[in-house]
Amino acid sequence: MIISIASGKGGTGKTTIACNMAVSIGHDVQLLDCDVEEPNAHLFLHPIIDNIKTITTPVPIVDEEKCDLCGKCVEICQFKAIVILGDTILPFHDLCHSCGGCELVCPVKAITETGRELGEIEEGHLDGLQFVHGRLRIGEAMSPPLIKKVRTYCDADKLAIIDAPPGTSCPVIAAMKGTDFVLLVTEPTPFGLYDLKLAVGAVKILGIPCGLVINRSDIGDDKVMEYAKETGIPVLMEIPFERKIAEAYSRGDLIVEIMPEWKNKFQELYEAIKAIVY
Amino acid sequence: MKELVIISGKGGTGKTSLVAAFASLSSNHVLCDADVDAADLHLILDPQIKKQQDFISGNSAFIENEKCIQCDICRDLCRWDAIGANYEVDQIECEGCGVCVHFCPEQAIAFPENHCGEWFISETRFGPLVHARLKIAEENSGKLVSIIRQESKTLAEENNIDLMLTDGPPGIGCPVIASLGGATAVLIVVEPTVSGKHDMKRVLQLANHFKIPALVCVNKFDLNIEQTLEIEAFSQKNNLDAIGRIPFDPQFTKAMIEGKTIIEFNNNSESSQAIRDIWKSLEDRFQLREV
């Protein structure tokens, strides 16, 4: 089973939920941190890294000897990633989406592909937990291809927990698509609710069952709870605001480390999700 | 024309609450909500929309079944595995590259433009706001960010306004990169947590990569004073000005629920005073005050 943890709004507690749940289950579990722009799960889990891999995406290089400047590559490219300037053909690797169109369309086979670095994938472990995260290269604009690469580490025999990036556009979709359940972490504030509604919209488009965790459940108003009731989205966990939890988080400690009684609650959360999915 | 972009790397550190507070302190500015993915500034500013425009960007492939001869060329060439079992294009996977459209021997693939959202020019009690709504699950957020920043700039120039305050998106990817180019400076709002510090360093690297001057302020500083000191020490070591500390204050949430900025909600609170000091420091640094 694959559970993705998403939120719409940033900073609601996705990583907290993902890490505490993974550690509470403890065995046959993977944590895949797909927030490749700002991966944080490793700061709480301190996994032993066994393997680091550089991930690239194909981009064109042009053999100027062969190129006769016919312009067919410029025409097919939807992303303005290859242009003719005077008598030079110029690929812009940062803009390239790696569709391969220019190479396919070149009548004189002047285009081959090299790689643009997207970032790194680090793989590691912590007791019975397998850990994988992606780390987007600074300056790289496109995170979905790296997120999809992290997703390929999902092991069908294990529970995979995916820590998704915030937002509701392509990076989140890449992290949630094809997962069995989306756990949406929100807070009971106007920003939390507004962004939650957007996130639910994204989950609906993908047709995945979802449930809510309301974090800092007593800091705001009742509107998130009312919304959950109206829409029939189950509230699977509420975590009240406690300075102790906030301080533990700030140090990089897990809730289950400082309050072991929460381990049961995270296991129950997993059981509740299983009951919905199966 | 000066533009200050508020970013954070990590989400939820208080960017939007801080921009809203700045809006109530500054007298002459254009506000720009560049977090088009999950735009929240309007929830405090209650904008009256004056102009609305569709955001059209990119194309998507659609196979016309009556023309399709199921030759599978599109499927073989598509690098996104977007061609489904029944020769329908998975619109979520389709990158809009047009390779299938070009190579289809039957010209059976249509390639219409995408309607990806809307952008707005609005009036608020704190002056004009340019904002947008990217449709859920859409791409091209960077392009939309570029459009609304350009529109904000034009609006400011037309009205002789010398300052743009831009609420940036979280992360370091496409929309953040689109938020930075040409900015006068970025203010990184960081929380004193291991995540906050880690993410600040990455977004700072991004600002350095694009040679945009960066400043730092620590929000909820008293949640972990050790982390706050580490962030400030790191800033000093890296020639990065740490221009203030804002205490942890539940009144931010209360203000948000009432649709107010923290300054409007309680002008005398410690947090409001801290934000005023930060704002004054920004005014001095960038000569924002009107003479």
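Student: At what angle do helix H1 and helix H11 of chain A pack?

Tutor: Helices (H or I, at least four residues) and strands (E, at least two) are DSSP runs, numbered from the N terminus. Axes are lines fitted to C-alpha atoms, for helices over the stretch in contact, and angles run from 0 to 180 degrees between N-to-C directions. In this predicted model, helix H1 (residues 14–25) of chain A packs against helix H11 (residues 262–277) of chain A at about 95 degrees, with the axes 9 Å apart. H1(A) is therefore roughly perpendicular to H11(A), since that word covers 65 to 115 degrees, while under 35 is roughly parallel, over 145 roughly antiparallel and the rest oblique.

Student: What limits apply to the model, and how are its parts numbered?

Tutor: Because this is a predicted model, local features need pLDDT of at least 70 and side-chain atom pairs count only at pLDDT 80 or more, whereas totals for chains, interfaces and linings use all residues. Residues are numbered from 1 along each chain as its sequence is written, and chains are lettered from A and ligands numbered from 1 in the order in which they are written.

Student: Which residues of H1(A) meet H11(A)?

Tutor: Two residues are in contact if their C-beta atoms, placed from the backbone, lie within 7 Å. From H1(A) come A:Asn20, A:Met21, A:Ser24 and A:Ile25, and they meet residues of H11(A) including A:Trp262, A:Phe266 and A:Tyr270. The residues of this contact divide into six nonpolar, three polar and one charged, where Ala, Val, Leu, Ile, Met, Phe, Trp, Tyr, Cys and Pro count as nonpolar, Asp, Glu, Lys and Arg as charged, and the others, Gly among them, as polar.

Student: How many residues does the largest nonpolar core have?

Tutor: A nonpolar core is a set of buried Ala, Val, Leu, Ile, Met, Phe, Trp, Tyr and Cys residues joined through C-beta atoms within 7 Å. A residue is buried if 20 or more other C-beta atoms lie within 10 Å of its own, exposed if 12 or fewer, and partly exposed in between, with C-beta atoms placed from the backbone. The largest core has 148 residues, and A:Ile162 and B:Ile188 are among those with the most contacts inside it. Its largest share, eight residues, comes from helix H7 (residues 190–206) of chain A. Another core, of 17 residues, lies apart from it and includes B:Val99 and B:Ile109.

Student: Is B:Gly11 buried or exposed?

Tutor: B:Gly11 counts as buried because it has 27 C-beta neighbours inside 10 Å. B:Gly11 is found in the loop between strand S1 (2–7) and helix H1 (15–25) of chain B, and beyond residues up to four places away in sequence it touches A:Lys9, A:Gly10, A:Gly11, A:Pro166 and B:Pro170.

Student: How many residues does each chain bring to the contact between chain A and chain B?

Tutor: The contact takes 50 residues from chain B and 52 residues from chain A. On the side of chain B, the largest share, eight residues, comes from H7(B), and by class that side has 20 nonpolar, 21 polar and nine charged residues.

Student: Where do the domains of chain B lie in its sequence?

Tutor: Domain bounds come from an automatic or database domain assignment. For chain B this gives domain 1 (2–56 + 117–286) and domain 2 (61–111), and their C-alpha centres lie 41 Å apart.
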